[in-house]
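Let's take a walk through this fold together. Have the sequence and the model open side by side as you read.

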Amino acid sequence: MPKPAFVFDAYGTLFDVHAAIARHRDEVGPEADRISELWRSKQLEYTWTLTLAGRYADFWSLTRQALDYAFARVPSADRRLGPKLLEAYRRLDAFPDARATLHELKRRGHPTAILSNGSPDMLEAAVSAAGIGGDLDLVLSVDAVRVYKPRPEVYALVPAAMHVEAGEVVFVSSNRWDVMGAAAFGFRPAWINRAGLPDEYAGAAPIGLRDLGGLLTHPW
């Protein structure tokens, strides 16, 4: 059997989606956590609703719209922080275990890639800022098919680009709904459950790990 390919979701899995607000927490003020949660939840909601409606707008546009919504819900926050927060979002902090895990997987000879909702320019900026590009073979964006996860057309980008069978792919995400979609497509799913959340989808259970480092010890 060939060594499995490891394909990672980006936002929430390799990159901390709450890092943009965290960098400017003092300026944002006491509602910082609420704004960050609203920003993230609306960003994802827009991907699902647009895909269901047969429409598409790139992820950067949705990220801006979601931040506008968060500010509207928390009028005490200073909207003038918007450009600063968006710039921080383009260069989110990588989780502490991301670089080491990717580097070790490459050292062991595994193909590696990102498959993300992010638009290509967003992903290029985030990968560059995190310094992980040297340990990635490919960075794939939904922009190529103009629909969002968990549509199967998105996951189909991986075997086409990496020349592997679905069963040879370990798909890694911190988003349980994304893991569900990947499993339905035929990938080997790994759920990075940092928060210790309960499982919420019946059927084929993913490999549950508390951090990315667990990928290195699991007997794939």
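This is a predicted model: local features need pLDDT of at least 70, side-chain atom pairs count only at pLDDT 80 or more; totals for chains, interfaces and linings use all residues.

Residues are numbered from 1 along each chain as its sequence is written, and side-chain values use heavy atoms, with hydrogens and water left out.

Start with the sheet. It is open, has six strands in the order β3-β2-β1-β4-β5-β6, and pairs in parallel. Strands here are DSSP runs of E with at least two residues, helices are runs of H or I with at least four residues, and both are numbered from the N terminus. Two strands pair if DSSP finds at least two bridges between them. At the edges sit β3 (138-141) and β6 (207-209), each pairing on one side only. On average, neighbouring strands are turned by 25° against each other, direction ignored. For a detail, look at β4 (residues 169-173) and β5 (residues 188-192), which pair in the parallel sense over four bridges. S173 stands opposite W191 in β5.

Helix α7 (residues 120-130) lies across β2 (112-116) and β3, and runs at about 145° to β3. Helix α10 (residues 176-185) lies across β4 and β5, at about 175° to β5. These angles run from 0 to 180 degrees between N-to-C directions, with axes as lines fitted to C-alpha atoms, for helices over the stretch in contact. Contact means heavy atoms within 4.5 Å.

Next, find helix α3 (residues 32-52). Its 21 residues reach 31 Å from first C-alpha to last, close to the 30 Å expected at 1.5 Å a residue; that expected span is 1.5 Å times one less than the number of residues. After α3 comes G54, with a positive phi near 75°.

L38 has its place in α3. Is L38 buried or exposed? L38 is buried, with a relative accessible area of 13% (buried means under 20%, exposed over 50%, partly exposed in between, with a 1.4 Å probe and protein chains only). Leaving aside neighbours within four places in sequence, L38 is in contact with Y69, A70, R73 and V74. L38 and A70 are 32 residues apart in sequence, yet 5.4 Å apart in space, C-alpha to C-alpha.

On to the rings. There are 13 aromatic pairs in the structure. Rings of Phe, Tyr and Trp (its six-membered ring) pair if their centres lie within 6.5 Å; planes under 30 degrees apart count as stacked, over 60 as edge-to-face and the rest as tilted. W39 and Y89 make a tilted pair, 5.1 Å centre to centre with 45° between the planes. W39 lies in α3 and Y89 in helix α5 (residues 82-90), so this pair ties together parts 50 residues apart in sequence. W39 is buried at 2% relative accessible area, and Y89 is buried at 2%. Ring pairs also link Y11, F15, W39, Y56, F59, Y89 and Y148 into a cluster.

Another pair is Y155 with F187: their ring centres are 6.2 Å apart and their planes at 85°, so the pair is edge-to-face. Y155 sits in helix α8 (residues 152-155) and F187 in the loop between α10 and β5, 32 residues apart.
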